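Let me put the model up before I go on.

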Amino acid sequence: IIEKAPGLSWIFGTTKDMTQAFVGENKKFTKPVKVEITKDVFRFGFITQEDMDEFEMSGYCAVYFPNSYAISGEILVLKRDKIYELKVDSGDVTKFILSGGVTEIR
């Protein structure tokens, strides 16, 4: 019923996509990165689009930044040279971000 209701189907579909991105078989947040926001200030996130050519933004990537203590976040489009891949398990990075940084990374 929800999938056929105008407006609700969009919200349900988006929520379903987001949930599957975190915990489904086809997880989307598998490329953890740190991004230099300003000099010596970094933020952790996940690359969601390797290139932004469709938006005429060659050399840019889309990075999703989950918020701590919530299933929400924001997406920023950044120059590739500001993004540094992390050699840490993406699940550990997710737990670290969502916990507000109190989860230990092993």
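Is F44 buried, partly exposed or exposed? At 32% relative accessibility F44 counts as partly exposed, where buried means under 20% relative accessible area, exposed over 50%, and partly exposed in between, with a 1.4 Å probe and protein chains only.

A word on the basis: this is a predicted model, in which local features need pLDDT of at least 70 and side-chain atom pairs count only at pLDDT 80 or more, while totals for chains, interfaces and linings use all residues. Residues are numbered from 1 along each chain as its sequence is written, and side-chain values use heavy atoms, leaving out hydrogens and water.

The search of the whole structure finds two aromatic pairs, a pair being rings of Phe, Tyr or Trp (its six-membered ring) with centres within 6.5 Å, called stacked with planes under 30 degrees apart, edge-to-face over 60 and tilted for the rest. In one of them, the ring centres of F42 and Y84 are 6.3 Å apart and the planes stand at 65°, so this pair is edge-to-face; F42 belongs to strand 2 and Y84 to strand 5 (residues 83-85), 42 residues apart, with helices (H or I, at least four residues) and strands (E, at least two) being DSSP runs numbered from the N terminus.

Turning back to F44, its ring and that of F96 have centres 5.8 Å apart and planes at 75°, so they too are edge-to-face. Because F44 lies in strand 2 and F96 in helix 2 (residues 90-98), the pair ties together parts 52 residues apart in sequence.
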